[in-house]
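Me: I would like a close look at a single part of this model. Please keep it brisk and connected.

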Amino acid sequence: MCWDISLHTDIDIIKKQFPQLQDDESTAKLDLSALAHVQAVTFPDYPVLYYQEGRLRFEPMAWGVLPTYIADPKLQAERRRAMVNVRSERILADEKSYWHRLRQQRCLIPVSGTFEHRKVVGWKKKVPYYIMERERQVSYIPGLYQWHEVLGKDGLLMKAGSFAMLTRQANGLMAQIHNDGPNKWRMPLYLPPELERLWLSDVNTEELMPVLQYEMPSDLLHAYPVYSLRGFVQRPDKLQAFDPYCWPGLPALGDRQAVQGTLF
């Protein structure tokens with residue numbers, strides 16, 4: 001399960017990749033400066049790309065689809081933690097799933113990279129890694145979103161959006177990193193540019209199978225260890241969360257003696 005992402009880029013890079021946004025007022029109020037490390041656990045607002053009435057928008061929604069079918073606030077929040085990510089395999093195959101109902105409400109989640117934790121035999125704590133696509137400053141992970149009503153600061157109901165990120169079975173690289181826990185051997189559904197745009201296009205859901213079945217080759221991803229992401233611990237070197245960190249004695253990826261379980 002992916003609970004940590006990063007977006008550290010200039011918004012003009014995104015506008016260049018999506019020229020439809022050049023004159024869109026939705027980008028004017030966005031501040032990307034605080035998105036170097038975003039954790040899903042607090043259901044934070046995060047900017048996503050989606051179409052509204054034929055127009056491409058780039059606006060914040062809350063990360064974690066709100067289960068509006070649950071009335072009790074406590075139970076709703078507990079269930080929501082399981083709705084941060086979507087198993088891509090379920091969207092079309094499981095017609096009874098909540099995600100099948102949202103299959104037409106598609107968005108793209110811009111990231112500079114994502115974080116995941118690796119279990120190493122003999123180590124008390126897992127080691128976080130930063131993963132990014134080679135040769136790309138920004139990637140766009142597919143997601144599903146919904147609209148719902150929330151109470152505003154003035155006590156009035158207002159429309160708000162929430163989204164979830166698509167995941168798939170891990171490729172060879174990610175299986176070595178995300179190798180522990182109840183959702184081990186999963187990864188964000190990284191895509192090439194042509195499939196990112198297909199996800200946003202107005203096509204029948206059956207035509208989305210190339211997206212849902214795509215596996216990013218391991219050699220197109222770059223991964224390296226970073227400092228602790230939990231507990232709001234400040235890095236001793238004062239660098240950013242996505243900057244490399246050298247853990248003394250950390251076995252290299254591919255060292256099977258250091259692996260907790262294996263997919264292969």
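What is the strand order of the open sheet of 5 strands, and is the pairing parallel or antiparallel? Please carry on from there to the aromatic pairs.

Reply: The model is predicted. The open sheet runs in the order β2-β1-β7-β8-β12, with antiparallel pairing. Its edge strands are β2 (38-39) and β12 (221-225), and each of them pairs on one side only.

Strand β8 covers residues 127-133 and is joined to β12 by 5 bridges. The two strands run antiparallel. Within this pairing, Y129 stands opposite P225 of β12.

Now the rings. The structure holds 14 aromatic pairs. One of them is Y46 with F163: the centres are 6.5 Å apart and the planes lie at 45°, so the pair counts as tilted. Y46 belongs to strand β3 (residues 45-52) and F163 to strand β10 (residues 157-169), so this pair ties together parts 117 residues apart in sequence. Y46 is buried, at 0% relative accessible area. F163 is buried too, with a relative accessibility of 0%.

Back to β8 and β12. The ring centres of Y130 and Y224 are 5.6 Å apart, with the planes at 50°, so this pair is also tilted. Y130 sits in β8 and Y224 in β12, so the contact ties together parts 94 residues apart in sequence. Both Y130 and Y224 are buried.

The charged end of R106 sits over the ring of W199, 5.6 Å from its centre. For R197, the charged end sits over the ring of F18, 4.4 Å from the ring centre.

Technical notes:
Residues numbered from 1 in each chain as written. Predicted model: local features only at pLDDT ≥ 70, side-chain atom pairs only at ≥ 80, totals over all residues. Heavy atoms only, no water. Pairing = 2+ DSSP bridges. Helix = DSSP H or I, 4+ residues; strand = E, 2+ residues; numbered from the N terminus. Phe/Tyr/Trp six-rings, centres within 6.5 Å; stacked < 30°, edge-to-face > 60°. Buried < 20%, exposed > 50% of the residue type's maximum accessible area, 1.4 Å probe, protein only. Lys NZ or Arg CZ within 6 Å of the ring centre and 35° of its normal.
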